[in-house]
Amino acid sequence: MFERYEGGEQAVVVHVFFSQDKDTDNLSEFESLVTSAGVVPVQIVTGSRKAPHPKYFVGEGKAEEIAEAVQASGADVVLFNHALSPAQERNLERLCQCRVIDRTGVILDIFAQRARTHEGKLQVELAQLRHLSTRLVRGWTHLERQKGGIGLRGPGETQLETDRRLLRDKIRQILNRLSRVEKQREQGRQARNKADIPTVSLVGYTNAGKSSLFNRMTAAEVYAADQLFATLDPTLRRIDVNDVGTVVLADTVGFIRHLPHDLVAAFKATLQETRQATLLLHIVDAADSRIDENIAAVDSVLEEIEAHEIPVLLVMNKIDMLDSFTPRIDRNEDNLPVRVWLSAQTGEGIPLLLQALTERLSGEIAHYELRLPPEAGRLRSRFYQLQAIEKEWIEEDGKVGIEVRMPIVDWHRLCKQEQDLFDYVV
């Protein structure tokens, strides 16, 4: 019923500047989005307006220009770098005699291509159905509406009403299935919380290098490419951090300016990993000319998903693309790391990031000397399991002397489990 554009199709791309400063970077980003969707932009039509036109979004003259560009180039689709109302889409389609898709539709299409897991596909389908529910009338303009008179009375429900009802039912089903997925994720998070395992979530603008960094830190093989929204499904891996122990690292979907609200709502279960994280690693493309705008766009989405109060460590990635730039850690007035400069591609600065993670996650470190009698071999074995023994020696009376260093949370947990632990502390 709803035709989607296919890879390899040709498109006329439309962008309208609403301010005197012509933001060509925004247009370049949309071209990257179009290419990521597998569509070839054959012509770009730009214009300037103070406000969108209610009928065509662009002015009537510009709309005619777009229609002529479609005829001249033989394009299959017109892609707008803006959110269009259903009426504007229909009016433009009548004029151009081809499909017209807005920015939200393009992003949804990319997401549909990238989804790999069952959960990811459900989330994309939910976002698509919510987006299409406002555009249902377009699919049935060729059908007759209900009419009165003998032989023309309908069954009491038009085809359009039937479809709206079916859509509502389908959306309800997907929401129920997603809520089950969310419960499963919640159980996993509760188990990690019970074990005091911190979660570090990678967030950032799309194509900032999150998956490359994730692969570098975990030796995972998550798909990473120089394209927008290469990652869609969240991936979790465990890593060991000095003085902290096991940490769960979560790679998440990238954010973008004007991210459709339906998408944020649909990906609530995925973004839950971000909302429940102990620390956020905000990955920033240090070589991008729009650093501040990209950071602001990510902060905006974090606020929308209520994750803006979680501690953040900025990771300035891609320093290999800057002239003679060396890795470093920037600190605040309390000497805490707030920014790490590195390259996920070359691996430069990764040790500094791990050092910063240790400082941000470890909190207080327990440092003790103990004298263990021969019968306390099980306790000594526990310290070895926790990789906490710094030094070990044998005393003259046959006791084993050990120097331990471990996160305070691990020490307190061990104290609860081993009631006589403090008897051995020197």
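This is a predicted model: local features need pLDDT of at least 70, side-chain atom pairs count only at pLDDT 80 or more; totals for chains, interfaces and linings use all residues.
Residues are numbered from 1 along each chain as its sequence is written. Local features need pLDDT of at least 70, side-chain atom pairs count only at pLDDT 80 or more, totals for chains, interfaces and linings use all residues, and side-chain values use heavy atoms, without hydrogens and water.

Biologist: In what order do the four strands of the parallel open sheet stand?
Modeller: Strands are DSSP runs (E, at least two residues; helices are H or I, at least four), numbered from the N terminus. Two strands pair if DSSP finds at least two bridges between them. The order is 2-1-3-4.

Biologist: Why is one side of strand 2 and of strand 4 left without a neighbour in the sheet?
Modeller: Strand 2 (40–48) and strand 4 (99–101) stand at the edges.

Biologist: Which residue is the bridge partner of V77 in strand 4?
Modeller: Strand 3 (residues 77–80) and strand 4 pair in the parallel sense over three bridges. The partner of V77 is R99.

Biologist: What angle does helix 3 make with strand 4?
Modeller: Axes are lines fitted to C-alpha atoms, for helices over the stretch in contact (heavy atoms within 4.5 Å). Angles run from 0 to 180 degrees between N-to-C directions. Helix 3 (residues 86–96) lies across strand 3 and strand 4, and its angle to strand 4 is about 145°.
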